[in-house]
Amino acid sequence: MIPRLFNKLILSPDTLKPSQPGFEVIGAFNPGVIKHGGTTYFLIRVAEMFIEKRDGYVALPKAQDGKIVVEWIKADEITVLDERIVRLKRNGFIRLTNISHLRLAKSRDGVNIDYISDVPTIAPEGSYEEFGIEDPRITYIDNKFYITYVAVSSHGIVTALISTEDFMSFERHGVIFPTENKDVVIFPEKVGGNYVSFHRPLSANPFGTPEIWMAHSKDLIHWGHNHFVLGASDSGFKDAAALAQAGCACSRRRATDWDSLKVGAGAPPVRTKDGWLEIYHGSYRAHEEDKVGVYCAGAALFDFDAPNNLIAKAKCPMLIPQTDYEQQGFLPSVVFPTAAAVEGKDLVVYYGAADTYTAIVKFSLETVLSAIKDGCHKKTGSVIL
Ligand code: MAN
């Protein structure tokens, strides 16, 4: 890990009002964040669950005509896959146990939240968003804020785009990456005359592990020129002990790499002197019985002029779940970076913790860049989860 210079939990779900009676807010996490004109704007993913419990039934929420309704399904007609997901036995399809919308928050110093909306700022709408909207990422380009977000429905998991000039009125541009694709981040500058994004296609018939890809666009709506950019690690560590010795989080029994199960872009890339810096997430299974795995954050550098070229990535994660709010919550042991900025000598990263909280962490930018260029960084603070 890279030493944390500053770290703070900045938003907790228990401070938020639910969007309608009968629901409780269980998560305020995975925020899209952008600093502009002295204000830091946040779009927070707010997850809600139905409060009432009925013996032998589960309540599955969905958006319908501007409201959230629940369907009561018999508990013996579903299989619980993890805290977030159940599978319906009758057709094999999955459903979420909670439903998310996006809420605007503002801060003057980027750390303390001065305002958060009491109601959804962007609520699920239309058939692609029936089971909620999640994980916004914000990019300021061409004098507008562009927000990518994940939309979930029986059509699958897709990524859609919304833009705004003022965080008061929003224009929907529809689905830009069809199912299954998430973790779409738009670069803050055009490269070679094109808008550029990283995205994460996912296959139901995997020939390999999920990978981060890059695409080009002329208008931010139509994307093509797709290329693979970053896959799961093969760090070269001979076994789990060697990886732990180097200070990386690792599995006790299985893969020795912290990002061996999944990778996905985290924050929209940040321009640095050495290239585009991408803070991404990766997950691995710490134990055989783990359903979801541990999510950590990693750092990688890409060429300015050809962002599909990976210059290098840090072998070890820069952030692993360590604090109480990262290790305990709706989904324990998750750090999920969704925004980053350079402030003087610091790299500021905003992230979701345990699919419950929003937190901020600061690192020395130089240390992050050296960790990437040197491969694995110092042997301090080795943690095996
Ligand atoms: C997925 C998404 C994220 C979530 C992580 C960990 O990548 O659903 O929203 O934070 O899993 O649960």
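**View 1. Aromatic pairs around F167.** Searching the whole predicted model turns up 15 aromatic pairs. To count, ring centres of Phe, Tyr or Trp (its six-membered ring) must lie within 6.5 Å; planes under 30 degrees apart are called stacked, over 60 edge-to-face, and the rest tilted. Y41 and F167 make a stacked pair, at 4.5 Å centre to centre with 10° between the planes. Y41 comes from strand 3 (residues 39–50) and F167 from the loop between strand 13 and strand 14 (170–177), so this pair ties together parts 126 residues apart in sequence. Strands here are DSSP runs of E with at least two residues, numbered from the N terminus. Both Y41 and F167 are buried, meaning under 20% relative accessible area (1.4 Å probe, protein chains only; exposed is over 50%, partly exposed in between).

A word on the model itself: it is predicted, so local features need pLDDT of at least 70 and side-chain atom pairs pLDDT 80 or more, while totals for chains, interfaces and linings use all residues. Residues are numbered from 1 along each chain as its sequence is written, and side-chain values use heavy atoms, with hydrogens and water left out.

**View 2. F145 joins in.** F145 and F167 have ring centres 4.7 Å apart and planes at 45°, so this pair is tilted. F145 sits in strand 12 (residues 144–153) and F167 in the loop between strand 13 and strand 14, so here the parts tied together are 22 residues apart in sequence. F145 is buried, at a relative accessible area of 3%, and F167 also has a value of 3%. Step back a bit and ring pairs link Y41, Y140, F145, F167 and F170 into a cluster.

View 3. Strand 2 (residues 23–36) pairs with strand 3 in the antiparallel sense over 11 bridges; pairing takes at least two DSSP bridges between the strands. Strand 9 (residues 99–107) also pairs with strand 3, again antiparallel, over 9 bridges. L43 is a handy landmark: G32 stands opposite L43, and in strand 9 the bridge partner of L43 is L104. The hairpin of strand 2 and strand 3 has 2 residues between the strands, and G37 there takes a positive phi near 55°.

**View 4. T159 tucked away in strand 13.** T159 belongs to strand 13 (residues 156–164) and is buried, with a relative accessible area of 1%. Its side chain reaches the backbone oxygen of N181 at 2.9 Å. Leaving out residues up to four places away in sequence, T159 touches several others, including Y149, V175, F177 and V184; contact means heavy atoms within 4.5 Å.

View 5. Strand 17 (residues 212–217) pairs with strand 18 over 5 bridges, and S217 has W223 as its bridge partner in strand 18.

Methods:
Helix = DSSP H or I, 4+ residues; strand = E, 2+ residues; numbered from the N terminus. Polar contact = N/O pair within 3.5 Å; in protein donor to acceptor, adjacent residues only side chain to side chain.
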